[in-house]
Amino acid sequence: MKQILGLIAYASVPTVINAVQISVDETAPSNPVFDGYVSYSIEFSSFPDYAGNKSRPNTFSENLLDNLGKITGTKPYIRVGGNTQDYALYNASLPFGLNGTIDPKRSSDYPTTIFIGPSFFESYSSFKNTRFIHGFNLGLGGNRTSGWQTLLDTVPLACKALGGGKLFAWTYGNEPDLFSTSAQGPVRPPSWNEAEYVDQWLNGTRKIHELLEKNCPDLAKNGSYGYIAPSFAGVGNKLKAPKVWGEGLNEDDNIKLFATHNYISGATSPGVTLQGTLMNHSMTKASVDAHIVEYNQIKAIDPAAPPLIFGETNSLYNQGRPGLSNTFGAALWGVDFNLYSASVGFKRVHMHMGTNYRYASWQPIATTKATIGTKAPYYGNIAVASFLAPPPSSPSYFPNTSLATVKHLPISSTPFLSAYAAYHSSTLTRLIFINLQSYNTTASGEGLVPLPPSSLTPRPSVTFNFTLPAAYLLKDGGKEKQVVVKRLMANGSDAITGITWDGWSYNWELDEGRPVRLANMTRTSESERAWVGEDTSDGGKAGLGVVVEAGSAALVEFV
C-alpha cells in the first residue's frame, strides 16, 4: 500500500494538526440528492446578461453550464428570480428585454425600478436542454394594480417561452418574510403577517393556474404545474415558515419543493473574515442545521411535505464582499457548504449570482465594474459536481443508480477541516477532504498583489488517514482497484485567479469557459495514482492517507 502524497509545495500560517483519522464506511443507506444538485439562481434583472437572447445567446454561460452537465449527466436547473423579480413591471411597448434604473440609496448593485418587455422571455431560448424556474412578482403584484396587471400580462408570455419541457416550476414572490422590513424599501406594512401572505399567495397562484389553463393548458396539468416555496430569506425573520405552512400555504397541493434561502453572513456585517466566517466548517454546519430544525417542524405539521432545497444561497448577502466572496477560499467554502447540505437532506442547491455580484460563479458580460470571466466559486461548483457524478461503471440508462448519497465524516478536533463520502447505490465511490486553513500569498490577502517570495513560509498540510476493508479495494476477479486523487488548487486561499481543478482551467480567456488542460500544471490525478498492496492489518483492512495542503481540497476516487 502506498501513501498518496501532495506534490506541490507553497506557503502559509503553520498548523499544529499534522494528521487526522477518518472513519469511512464501505456502504451507507441510500438517500440520494436530486439530479442537477449543483444548480443556479440568477438575479431576475441579470438574466438577459447571463442568457442573452435569440439573436445573441450568451455562449460563455452555455459553455459553463455544459461543463457541469457533462460531469453529472444533467445541466443545472436555473431559477430566475431574486429581489428584482418583485420590482419588475411589464411594458408591452418596450423595444428590448429589460429597462432598469439603479437607485444607489436602495441598492448600487441592481435596479429597483424595472420594466420588462416581450423580448425578455427570449432569454429562455438561449440554454439548450435546461429547465427553468420563473419568478412572478408578488411584491408589487399583491398590492398594486400595475403589479397585478403585470401578472396577467406575463403568465401567457412566460408559459409560451417555457413550453417543450423547459419549465420545471414557478415561484411567486421572493423572500416575502422581508416584505415589511426590507432594507431596499418595504412593500408591505409593519402589520404584515403569515395569514396575509398565505391569502395573497393563494390568490395569485390560483390566478396563475387559471391563466395557464387558458394559454398553456399542458403546463396547467399536475405533472407540469407547481411551485418552489415559500422562498423565505432565512429562519429568523418576521414571518415563520412553520406557521405559514400551518396557515395553508400548500392548500392546493401545488408546491413541488420546499425552498428556503441562506447566506452565512452579510457583506458588511462586523467581524466577517475569510477564515472565521467562510473557511470555517463549524459556521457552515450551524447555518445549515438551523434550516433542518425548521424543516423538521414543517414535517411535524405535514409528514408529506415536499423535499427540501436551497432555492437561493451564497456566501455573504448583499452580493458578497471583494476579497472574501470572490476568492478561492469562497470556492472551498462552497464545496463544504454544498456537501454538508447534501449530507443532511437538501436535495438541490441553487447558488445565486448576478451581473457584477462579488460571489458570482461567473461574470457573464464585461461592464464598467467587472470583466467577463470565470470566477473562483465556479471551480468549487465543478468539484462538487465531480464528487457527485455517476461512477464510471454506472449505466447511463439507469439514472437512479447514478445519483449520489452524501455522508458527512465528522472531524471534531478543528473547525478548519471537513470530509465527505459519496455513495452510489449504497456503495462507496468517492471521498473528498477539505483543508479550510487559510493560506495567503497576496498583500493584505486581497488576491491582487503577490507577496515577495522572501515573505512566504512553507505551506502546511494535513494528512487525512482512513481505512477500508481490503476486499473493497479489489475489483471483480481479484484485481486491485486504483486510487486516483484529483485536487482543487490555487496559490492561496486569497487567490482570485490561477485556480485549477485536476489541472483543468475553465477560464474565459482560454476557450470561453470550455475545459483546457494547462501544460504547465501537474495533473495530480495522473501523478498521484497508487495501487493498494497486499499488506493489510487491523482485521483485513487497508490503510490509506492523503496529504491535503492548507487552502485546498482533494477528491479520492476508487476505479
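Tutor: A strand here is a DSSP run of E at least two residues long, and strands are numbered from the N terminus. The model is predicted.

Student: Which strand holds proline 230?
Tutor: Start with the peptide bond from alanine 229 to proline 230, which is cis, with omega near 5°. Strand 9 spans 227-232. Proline 230 is found in strand 9.

Student: Is alanine 233 buried or exposed?
Tutor: Alanine 233 is in the loop between strand 9 (227-232) and helix 5 (241-246). The cut-off for buried is under 20% relative accessible area. Alanine 233 has 17% relative accessibility, so it counts as buried.

Student: Which residues does alanine 233 contact, leaving aside neighbours within four places in sequence?
Tutor: Tryptophan 501 is 268 residues along the chain from alanine 233, and their C-alpha atoms are separated by 32 Å. Contact needs heavy atoms within 4.5 Å. With those sequence neighbours left aside, the contacts of alanine 233 are Glu175, Asp177, Leu178, His261 and Asn262.

Student: What kind of aromatic pair do tyrosine 77 and phenylalanine 168 form?
Tutor: The structure holds 32 aromatic pairs. In this pair the rings are 5.2 Å centre to centre, with 75° between the planes. Planes over 60 degrees apart fall in one class. The pair of tyrosine 77 and phenylalanine 168 is edge-to-face.

Student: How many residues apart in sequence are the parts that this pair ties together?
Tutor: Both tyrosine 77 and phenylalanine 168 are buried. Tyrosine 77 lies in the loop between helix 2 (59-72) and strand 3 (78-81), and phenylalanine 168 lies in strand 8 (residues 167-172), so the pair ties together parts whose separation in sequence is 91 residues.

Student: Which residue lies over the face of tyrosine 77?
Tutor: A charged end also sits over the ring of phenylalanine 168, 5.3 Å from its centre. Over tyrosine 77 the distance to the ring centre is 3.8 Å. The residue over the face of tyrosine 77 is arginine 348.

Student: Is the pair of phenylalanine 258 and tyrosine 295 stacked, edge-to-face or tilted?
Tutor: Phenylalanine 258 is in strand 10 (residues 255-266) and tyrosine 295 in helix 7 (residues 281-301), 37 residues apart. Phenylalanine 258 is buried at 1% relative accessibility, and tyrosine 295 is buried at 12%. Their ring centres are 5.8 Å apart and the planes stand at 45°, so the pair is tilted.

Student: Is asparagine 129 buried or exposed?
Tutor: Asparagine 129 is not a glycine, yet its phi is positive, about 50°. The residue lies in the loop between strand 6 (113-116) and strand 7 (132-136). The relative accessible area of asparagine 129 is 76%. With the cut-off for this class at over 50%, asparagine 129 is exposed.

Student: What is the relative accessible area of serine 426?
Tutor: Serine 426 also has a positive phi without being a glycine, at about 75°. Serine 426 is found in the loop between strand 16 (417-424) and strand 17 (427-435). Serine 426 is partly exposed, and its relative accessible area is 25%.

Notes: Residues are numbered from 1 along each chain as its sequence is written. This is a predicted model: local features need pLDDT of at least 70, side-chain atom pairs count only at pLDDT 80 or more; totals for chains, interfaces and linings use all residues. Side-chain values use heavy atoms; hydrogens and water are left out. Rings of Phe, Tyr and Trp (its six-membered ring) pair if their centres lie within 6.5 Å; planes under 30 degrees apart count as stacked, over 60 as edge-to-face and the rest as tilted. Helices (H or I, at least four residues) and strands (E, at least two) are DSSP runs, numbered from the N terminus. Buried means under 20% relative accessible area, exposed over 50%, partly exposed in between (1.4 Å probe, protein chains only). A charge sits over a ring if NZ of Lys or CZ of Arg is within 6 Å of the ring centre and within 35 degrees of the ring normal.
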